[in-house]
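Welcome, and thank you for taking a look at this one with me.

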Amino acid sequence: MKMNAKLEVNGELVKESYVYLLSRYLVLRQENFDTKEDKIPYNTLKHNSVAPADANFVNPNFDVVYSEAWIAVDDDNAVILEVPEIKNRYYTVQLLDGWGEVVTNINERNYPDHPYGKFAFVKKGTNPSVPSDAVKIELPSEKVKVLLRVEQKDDPEGAVKLQKAFKFDAPDNIKIKEPLEIPHFTNADFLLEEIYSNLEELLATYPDKMPKAAEFQDKARQVAAYIELGDEQKAEVRNLIVKEAIPYFTDGAKGFGTQKGGWSVTYVAGAFENDILARAIINYGGIWANSIQEALYFIGQQGTDGELLSGDKVYKIHFPKDQLPNGLAEAFWSVTLYGVPDYHVIPNKLNKFSINDYTGPKTNEDGSLTLYIAAEKPADVDPGNWLPSKAGKGFSLNFRLYVPKKEVLEGKVFLPPLEVL
């Protein structure tokens, strides 16, 4: 290893700093896409349809109608959100910061005394004028991402009507900062040493609530300073990224958190504490994941044969009658199939991408439930219990439990294995 009297790098330093920075880059990539390519103005709700073509971010779900926005405030102005009254249907307004951490969820569980009506978003430390009947919510910086979700149930038209009843009131004179421009990268084409470019400018774009944020940022500064020593040092860092940092991340993405039966689940989504790997993986494969109290995400990536999921195989998930998915969540459940590594849906002739408790899966004679995943419907399987994959294409599953039961959150109950038939 080359080094000078003050600076040196090693694999561990590069791994940790690289994965740490990746979380912010993934959120910035999405903000740049949303505002510049998808052209969603700040403080404007985009009501997304349930059509897969409209889901321009990874890991979309189709059992809710959802709307999205980037909220931008400044020292002198608040943004007001009007939430309609919603009864007997799951809904939440999720706010996320620039690192993919959940700020809050507006719903009847978190705001039982004010589940609907006006909410005033203000930058932390400021005191702009807000309506007297509004609940004030402090944002960690000038911007947050908002995703509101309304359960479709068996009434998608009603869900859309409620979705469009959410309203923003934002002053025209808010000073909005454009997102930092970053080098182009994809989920299959990673950034290398350029991730350390303009480091101070990058870190200044958003405060990080992670307890050890300062420690990880100092590690990134060490690597950035080492790169500045010359081409030889830059090449060394690039080599460590390629041989250690990226494999560390991609290996983690294949199975992270608690793993069992081909499923991985992390109990830190949305509030990652110091888990830099989980945060980066979530932002990479499931950006805008909610806190586990709202939705717990079981990611299916391997069959019981130990191999990654493939459209060339047939899988089943069998729920005993005393552990049906309906009994695992207070609200509802769904399972959705995505291609890898892009984590977008795979087109199929049925336009069927998920199964949930409203799509009509049938229980077996003994009261159990069996779901099947295959490129072609297995013989004697009810169509409602079959989720199409694609021959020759790898995929991932996301089994969502909305408002999971306490025993699930505590890890006492897990999903059945992904059995290979």
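Helices and strands here are DSSP runs, helices (H or I) of at least four residues and strands (E) of at least two, numbered from the N terminus. Please keep in mind that this is a predicted model.

1. Glu273 is not a glycine, yet its phi is positive, at about 55 degrees.

2. You will find Asp380 in the loop between β16 and β17. Its relative accessibility is 82%, so Asp380 counts as exposed. As background, most residues other than glycine have a negative phi, and most peptide bonds are trans.

3. Pro341 sits in the loop that runs between β14 (329–339) and β15 (354–356).

4. Now follow β14 and β15 themselves. The two strands pair in the antiparallel sense over three bridges, and Ser334 has Asn356 in β15 as its bridge partner. Both strands belong to an open sheet of six, in the order β10-β11-β12-β18-β14-β15, with antiparallel pairing. At its edges stand β10 (258–260) and β15, each with a single partner strand, so one side of each has no neighbour in the sheet. From one strand to the next, the twist averages 20 degrees.

5. Is strand β16 (residues 369–374) buried or exposed? Six of its six residues are buried, so β16 is largely enclosed by the rest of the structure. Leu369, Leu371 and Ile373 point one way from the strand, while Thr370, Tyr372 and Ala374 point the other way, and all are buried. In a regular strand the side chains alternate between the two faces of the sheet.

6. Which strands pair with β16? One is β13 (residues 315–319), which pairs with β16 in the antiparallel sense over five bridges. Here Phe319 has Leu369 of β16 as its bridge partner. Another is β17 (residues 386–388), paired with β16 in the parallel sense over three bridges. In that pairing, Ala374 stands opposite Pro388 of β17.

7. A word on annotation. The unreviewed UniProt entry places the feature "domain: DUF1214" at residues 294–406. In the model, the end C-alpha atoms of this span lie 12 Å apart, and the span is 1% helix and 39% strand.

8. Five strands make it up, in the order β1-β2-β8-β4-β5, and their pairing is antiparallel. The edges are β1 (46–48) and β5 (102–106); each has a single partner strand, so one side of each is left without a neighbour in the sheet. The twist from one strand to the next averages 20 degrees.

9. Within this sheet, β4 (residues 91–96) and β8 (residues 143–151) run antiparallel and are joined by six bridges. Leu96 stands opposite Lys145 in β8. Helix α1 (residues 11–37) packs on the sheet, where it touches β2 (64–72) and β8, and its direction makes about 95 degrees with that of β2.

10. Helix α1 also meets helix α4 (residues 213–227). Their axes come within 9 Å and cross at roughly 115 degrees; α1 and α4 are therefore roughly perpendicular to each other. The crossing is left-handed. On the α1 side, the residues making the contact include Leu13, Val14, Tyr20 and Leu21, and on the α4 side they include Ala213, Phe216, Ala220 and Val223.

11. Last, have a look at Lys123, found in strand β6 (residues 117–123). Is this lysine buried or exposed? At 18% relative accessibility, Lys123 counts as buried, because buried means under 20%. Leaving aside residues up to four places away in sequence, Lys123 touches Val73, Asp74, Asp75, Leu139, Ser141 and Glu142.

Technical notes: Residues are numbered from 1 along each chain as its sequence is written. This is a predicted model: local features need pLDDT of at least 70, side-chain atom pairs count only at pLDDT 80 or more; totals for chains, interfaces and linings use all residues. Side-chain values use heavy atoms; hydrogens and water are left out. Buried means under 20% relative accessible area, exposed over 50%, partly exposed in between (1.4 Å probe, protein chains only). Two strands pair if DSSP finds at least two bridges between them. UniProt positions are given in the numbering used here, feature names are shortened, and annotations may be inferred rather than shown by experiment. Axes are lines fitted to C-alpha atoms, for helices over the stretch in contact, and angles run from 0 to 180 degrees between N-to-C directions. Contact means heavy atoms within 4.5 Å. Angles under 35 degrees count as roughly parallel, over 145 as roughly antiparallel, 65 to 115 as roughly perpendicular and the rest as oblique. A crossing is left-handed if the near helix is turned anticlockwise from the far one by less than a right angle, and right-handed if clockwise.
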